[in-house]
Amino acid sequence: MKNTIQDSVLTALKNGQELTSAQISSKFKAGNPQAVIQSLRFAGYPVYLNTTKTGARKYRLGSASRAVVAAGYKAMAKGLVSN
């Protein structure tokens with residue numbers, strides 16, 4: 001079974017790494033790192049973009065806030081998304 005770019009980035013994030021777009025491009029050979037992150041988010045992973053004190057913007061895997069979880073359940077209850 002072949003690992004996709006998304007699988008590799010997700011594994012790195014799950015291992016606690018914080019990655020910039022440039023790192024995702026170079027390390028994982030992603031042509032469009034924002035699309036990789038978007039696909040992970042659409043798959044339900046809470047990927048956040050944080051800005052460090054030096055101004056670097058890094059993606060990290062976090063946990064969804066109560067508000068986000070509540071919004072998801074409300075959307076499912078209204079039939080806007082399927083579970």
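Predicted model: local features only at pLDDT ≥ 70, side-chain atom pairs only at ≥ 80, totals over all residues.
Select Ser21 first: leaving aside neighbours within four places in sequence, Ser21 is in contact (heavy atoms within 4.5 Å) with Pro33, Gln34 and Tyr59. Ser21 is found in helix α2; helices (H or I, at least four residues) and strands (E, at least two) are DSSP runs, numbered from the N terminus. Ser21 is partly exposed because its relative accessible area is 22%; buried means under 20%, exposed over 50%, and partly exposed in between, with a 1.4 Å probe and protein chains only.

Residues are numbered from 1 along each chain as its sequence is written, and side-chain values use heavy atoms, with hydrogens and water left out.

**The whole chain**

Now show the whole chain. The chain has 4 helices and 2 strands, and along the sequence they follow the pattern α-α-α-β-β-α. The C-alpha trace spans about 40 × 40 × 20 Å along its principal axes. Of the 83 residues, 19% count as buried.

**Two loop residues**

Select Thr20, in the loop between α1 and α2. Is Thr20 buried or exposed? Thr20 counts as buried because its relative accessibility is 17%. Not counting residues up to four places away in sequence, Thr20 touches Arg57 and Lys58.

Next select Lys29, in the loop between α2 and α3. Lys29 is exposed, since its relative accessible area is 65%. Lys29 is not a glycine, yet its phi is positive, at about 60 degrees. Most residues other than glycine have a negative phi.

**The core**

Select Val9, Leu13, Leu19, Ile24, Ile37, Leu40 and Val47. These residues have the most contacts inside the largest nonpolar core, which has 13 residues. Helices α1 (5-14), α2 (21-28) and α3 (33-42) each supply at least two residues of this core, and the largest share, 4 residues, comes from α1. A nonpolar core is a set of buried Ala, Val, Leu, Ile, Met, Phe, Trp, Tyr and Cys residues joined through side-chain atoms within 4.5 Å. In soluble globular proteins, nonpolar side chains tend to be buried together.

Keep Leu40 selected. Which residues is Leu40 in contact with, leaving aside neighbours within four places in sequence? They are Gln6, Val9, Leu10, Leu13, Tyr45 and Val47.

**The hairpin**

Select residues 47-51, strand β1, and residues 57-61, strand β2: these strands run antiparallel and are joined by 5 bridges. Two strands pair if DSSP finds at least two bridges between them. Asn50 has Lys58 in β2 as its bridge partner. The two strands form a hairpin with 5 residues between them, and in the turn Gly55 has a positive phi of about 95 degrees.

**The pocket**

Finish with Arg41, Phe42, Gly44, Tyr45, Pro46, Ala64, Val68, Val69, Gly72, Ala75, Met76 and Val81, which line the largest pocket. Elements α3 and α4 (66-77) each give two or more residues to this lining, and α4 gives the most, with 5 residues. A pocket is found on a 1 Å grid over the protein atoms alone, as an open set of points where a 1.4 Å probe fits, with protein on both sides within 12 Å along at least five of seven lines; lining residues have an atom within 4 Å of a point.
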